[in-house]
Structures are given as C-alpha cells and as structure tokens.
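Visitor: Hello! I am new here, and I would like a friendly tour. Could you show me what we will be talking about?

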Amino acid sequence: MTDTDFRDALLTHLKYTLGKDPEHAHLRDWRVALSHVVRDRITDSWFEATRRTYELKHKRVYYLSMEFLIGRLLEDAIVNLRLEHQADAALQSLGLDLSEIVGDEPDAALGNGGLGRLAACFLESMSTIGCPAYGYGIRYEHGLFKQSFQDGRQIEEPEDWLLQPHVWEFERPEAAFRIGFGGSVSETGDRAVWTPGDEVLAQAYDTPIIGWEGRWANTLRLWSAKPTHLFDLERFNHGDYAAAAEAETLARTISRVLYPDDTTPQGKELRLKQEYFFTAASLRDLMRRFLSEYDDPRKLAEKVAIQLNDTHPAIAGPELVRLLHDEQGIGFDEAVETARACLSYTNHTLLPEALERWPEDLMGRLLPRHMTLIERIDAAHAKARPDRTATALGDGDVKMGELSFIMAHKVNGVSALHTDLMKSTVFSELHRLHPDRIVNETNGVTPRRWLLSSNHALAGLITKTIGPDWIADLDQLRSLEPHIEDPGFLDAYKDAKLANKVALSNWMRDAFSLAVDPQMLFDVQIKRIHEYKRQHLNILETIAQWQEMKDNPNGDWTPRLKLFAGKAAPGYFFAKDIIRLINDVARVLNADAETSRALRVFFAPNYNVSLSERLIPAADLSEQISTAGKEASGTGNRKFALNGAMTIGTLDGANVEIREHVGAENFFLFGMEAHEIVAARAIDGHAAAAIAASPRLARALEAVRAGTFSPGDPDRHAGIVQNLTQSDYFMVCSDFDDYWRTQREVDKAFRDTVRWSRSTALNTARSGWFSSDRTIRGYMADIWNQTAAPLLT
C-alpha cells in the first residue's frame, strides 16, 4: 500500500464513514478514520485465515478467559501490518501527528492484571505463529473500574470506553445463544431435560487479532448479555417505566462489570452467572462450528482444544458433558472422557482462598442440571480412584480448582517454581493420583507490543545493531551480547533509556504537576494491589530511607523516584488501605524541602495497558518482591527485563527463571525462599521478633502508627500496623532487613553507570526466552496436540 493509497483511503473513510471533511474533523474523527483504514487491511487477512482453516480442516484452539486486557489496538495493528511509514506520511501530509492520534484511543476495559494481559499476548502470538484460534470472553461495558484518588483513598467509577463505538469489533447478531439459569430438570432413564426458569441472550462481537506482518489473524469473540424480550410495552403504557425496562437492566447486569464485589449473596450469584454465561455461549458456539463440519461429536477432541484460563470457566467441564450427553446422546462415561480430552486448565494461583468455591445450594439453584452432573463426575472419579482424598465437593461447596483438574487432560503451571509447588501444595493429592497431568508452560510476553511498539528508542537501537529478525524470533536478542562490550553501543543504550525517562518525567509534570529529575533512579512497582505482592514492604523501606535522610540530609544519597501503580479490588479493604498509606507518604515526602531532591513518591492512577507502556520503558528498577511461594509467575517482570530494567526480587514465580537467564550478577536477590517462609511462619511471634531485631523497621512502623503521614487522623493506618506486628502472614517484617540491605546494593550499583548499563543491556539481550511465541509453541506441543497452519503470503 503506497503512501498515496493510504492517504486516499483515510480521506475516503473520513468522508463516507464519519461524514466529515478535513476542515471540520476532530481528533476523534481522524482516529476513527485511521482505524477503519487499518481494520480494512486486517479484515482481508482475517477472512483468508478463516477460509484456510476450513479448507485444511485444521484443529482450532478455544481460549476461555474472563479477561482479555488488549489495551489500545491501533498502534499495535499498524506495527504488525508494517504500515508505520504510510500512516505517518499520510497524516503528516494533512498536518497531523500519528502519536497524538494513537493516544486518543481509549483502552478496552476488558481486564485487570496479568491474567488478562497474558491472554492478550497469547492471542497475538497465536496469530503470529499461525495457530488457528478463538479467544472467548465477556464484552464488559464498564470493565473493572476507573481509578482516581480522593484524599489518598481509591475512588472507583465505571469505565466509559464504550460510550463511543469500538471501531475494531464486528457485531454478530446472527451469533446469539439463549443462556438459561434456574428452572427444573426432568430425567428419563440416563437422559435429562433442563428447562431454565430465566434466560438471557449471549450476542457475539468479534475483534480480529492480527499477527506479525499480517500473515495470520484470529478472532476474539466477546459475549454481551441482552434480554430475550427487549421491552414491556404494556407496563410502560401503564406508567411503570422502570419495570418496563427491568428485563433489559437485569440481563445487561451480567456483562456490565468485571469481577463484581462478591462479598454479598447477590454478588456471588452474579459472579457465577457471568462465568456460566460466557462459558456456555462459547461452548455452544464451538459445538455449532464443529457440527457444521463433522458428524460425530465423539471425535470432538481431534479438532477442538479448549484452554481454561484459571477457574473462572471451570463450569466448562459439566457444561460440555451436558451438551454431549443430554443434547448429543453420548453415554455419560464417554461424554466425560470426550470432554476431558478437549479440556485443559491453566492454574494461576497457589493461594487456596483464590481457588474459587461456590456453595452447593447456589450452584443447585442457579444451575440445577450442572449440580447433578458435578456430583456424577465426582462420584465417577471416586470410583476410579477409591484411595483419593481430594474431591470436587466438600464442606457444602463446589471446589472449582479440583473440578477443573479432574475434568482436564492437562493442567499447567505458569513458571517452573509454580508448577513444582502445585505438585506439592494445592494439588498434591490430585498429582499423586494423576502424575502425568501437570506440565509447565512458563509465561511469556509478545515482543511486538512490549518492545517494538512501546519502546521505539530501544527497539530502533536493537534493529540498527542486529537487524529486524528479532521481532519474530526473540532469541536473536542474544546477538546483542558482543555489542555490549562496545562503549558506543552502551552509550546509545543509555540514551534510549534516558529518552524514555525524560518522556515520563514530562508526563508527570504536565498531568500531575510533579517535578522529577530524569537522572533519578526510577524504581517502579506496578501490579494489582495485594498483600502477597507486598507494596507495603516497599513503602515501609521508603519511609525508613526518608527517616535516615532526615537524620543526614546532606548525605551522599542516590536520588530515587518510587513509582507505584495498580488497582485494589473494591471489596479488598486492606489493599485499599495500602494505597492510601502510599499516597499519604507521597504527600509528606514530596513536600519535604530537605529530602525531596533525593526521594520522591508517586502513585499513578488508573493503571492500564497504556499506562504500563509509558512506565515500563522508563524503569531503572523493577520491584518483584512478592512473598516467595505465592506468585504463580508474573508477566510484568519479563516486560521490565526485556526493556532493560534491573530486578529486585525474591525467588518467586518467574523471577527464578529470569535470574537464571539474565545471570545472578544482573539480578538483585533478597528474602527467604518458599520453604523458609513456611518454616518461619510456623514460629509464634515471628513478626515481633523480626521487629525487635530491626530498629530501622520498628522506627518506620512507629511513624505510621503515630500518624506521621496522617496528622489529622493518627489512627488511619492502625490496621496495617496491627497486621504487620501480629500475624504478618506474608512475612513483610521478616524480609525487611534483607530488602533494605539489597536496596543499598542497588544504590551503589546505580552510581556505577558503566556497570549498571552493562547489566541492564544484558537483561535485554538475555530475555529472548520469555517471548509468548515460545510459550504458545509449548502449549501446542505439550497440551493442544496442535500444529501451525501455513502462514499467508
């Protein structure tokens, strides 16, 4: 496509799609017109890939996930189609700036953290490799929430990304399924008929996901809940206007919000409805597609691989059995085996409380047929394994982790350590019964999004140095290593990092009136706020450092910006308290004339993909400080290393593999290992002992307790102090001194600019293994029994 062709297409869409001329077009008009030009190019590849999949009768992967954190799609698509030059030239000829137009796109509010971003990376990698696939999820109207701060407190407001049309999606009114809840079940012999009491429509919206160089495209199909009867005109005409729209309101509730607060019975019911809604619609859709090509549902596993991304779609096991047994007439035992051959399950947590459990009475009331099938599945497993102690039912609950394991032919962890711990902790008994079922597939990230698109300065330097082939083969970054010994290369590498830090500093100044010297060490912790991720360990060390600076304001301190971002679940009050403490500390420290030149704190609001793309390229230090044995893998840790940030972290999740690949000398390790955590936690008074042994920690905690950072409300953070001084389950106090010691090693290393630059460059050069392309190839070989289709030419 020539520059002229691109410009003509842009003006055509502006006129005929938007109804605007250049003289009266606003920024949004240009962005939408540009998106349509790019979408047209994607659609050609998408249609051809779909046709080829049908012609080759290729097996398809169906990836079921509650989250797909896809972020903005415009720049991603332009880059993958190699249209950067044409888009830039066309816009410049019209007096427009590509970066400004790209920045106008709202983030799709379809996820929260690593689970959703992993799913998005996987879809892009499947398209790059040529693995025919569908991603299935929910089209949330309001996402998780839009985060802001008021007096340091997290404020939650609905996301509004769908107030304007989502350019990238195609509405599919013909792809709609009635999804039922409640009702009754009648049984005749071994067969059953479920008559739901309530129904909603699941309507499909398709977004094509283009791979590198546009040589394959897959589909992200999201379901939106709609009423089966749109409007009650009789009630409306009788003046009962609210009741007239009640059916629509109740149906839309299912797809309004990601992870509604489930601390109430209504919230629990809504969460389970959401999970069944999108899982059932997805399974019916894939069954429809399969039966349009093949006659025998017993052969489903030959053409269908279904991946459950965590326990949210765990109801897929009994639902697929229901479809095969009740609707297709396959015997129960054979239906279970057929379903199991299709299903595989990715575990993302070692926290037993995070493995979903639903009360049996709720399951039985909302999904009566499924409750019966779960009982039969569990009984069949007990019969086959009479010595078992792990069950899918227990204490009045349906245990979705165990159900997922029982109904999957493969269960994978997401880092080597996590997979080993799965075998010895949460699934130890099921692993004993099924020793070949658990496999490891260490997570990865797509280099097209997380280096090529988001870090132009570094990506340009890499391409100039070793050529462009690394973009599709990230292992080629190893070719950078000989160049790292070249002072000229290291200078250019440092310049790329500084350029990103200057851009971030300018953004903080313009958007938040916060002046930050880009020469400071940018110390970044961005992730979901949770006790096990230990943002409170980070801020306690910050307080302790500030106190020492106050004692010696003229000391030779390494200037540092402590940068946080992340959301706390609305019902997770302790995590919200951590956010408020960080903001309170930031307010005090940033106003301190004695120390603010050397220590500043900033909590960036409303963390999303676009914000992470701004923060990660500018980071000098990546905080991966979770309690050892609690983080399954992490995805941000790889992005930071790829973009040349040093890691300070525990031996947790994929930190272990990052350290192995980049070299122990290029990783700041601290803290107890997982087995040491377990032993230390068993000691009565471990927190008090750790505090007594650490005057520095005791002083920091006392400042928090005394209200130093909340002078008008001295008891504001009493809950955090009480937690840390008493139970301290996540071992913040026990790891504090080693964390402090390691941070001083960071200070020393950062001042040695040559050593620091060499180590950060080696982090980039040795991060090739952490590509999601490699991860997907592992899934294809080890779990899905899948081969890639021939890529388009």
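Visitor: How many helices and strands does the chain have?
Guide: Welcome! Please keep in mind that this is a predicted model. The secondary structure of the chain comes to 34 helices and 22 strands.

Visitor: Why does the chain count as being as compact as a globular protein of that length?
Guide: For 793 residues, the globule rule gives 28 Å. The chain is as compact as a globular protein of that length because its radius of gyration is close to that value, at 27 Å.

Visitor: What share of the residues counts as buried?
Guide: A residue is buried when its relative accessible area is under 20%. Of the 793 residues in the chain, the share that counts as buried is 61%.

Visitor: Now to one residue: is Ile-466 buried or partly exposed?
Guide: Ile-466 belongs to helix H20, which covers residues 456–466. Buried would need a value under 20%, and exposed one over 50%. Ile-466 has a relative accessibility of 22%, so this residue counts as partly exposed.

Visitor: Which residues is Ile-466 in contact with, leaving aside its neighbours within four places in sequence?
Guide: One of them is Ser-479, which lies 13 residues from Ile-466 along the chain. The C-alpha atoms of these two are separated by 6.7 Å, while contact is judged on heavy atoms within 4.5 Å. With those sequence neighbours left aside, the partners of Ile-466 are Gln-476, Leu-477, Ser-479, Leu-480 and His-483.

Note on methods. Residues are numbered from 1 along each chain as its sequence is written. This is a predicted model: local features need pLDDT of at least 70, side-chain atom pairs count only at pLDDT 80 or more; totals for chains, interfaces and linings use all residues. Side-chain values use heavy atoms; hydrogens and water are left out. Helices (H or I, at least four residues) and strands (E, at least two) are DSSP runs, numbered from the N terminus. Buried means under 20% relative accessible area, exposed over 50%, partly exposed in between (1.4 Å probe, protein chains only). The radius of gyration is taken over C-alpha atoms; the globule rule is 2.2 Å times the number of residues to the power 0.38.
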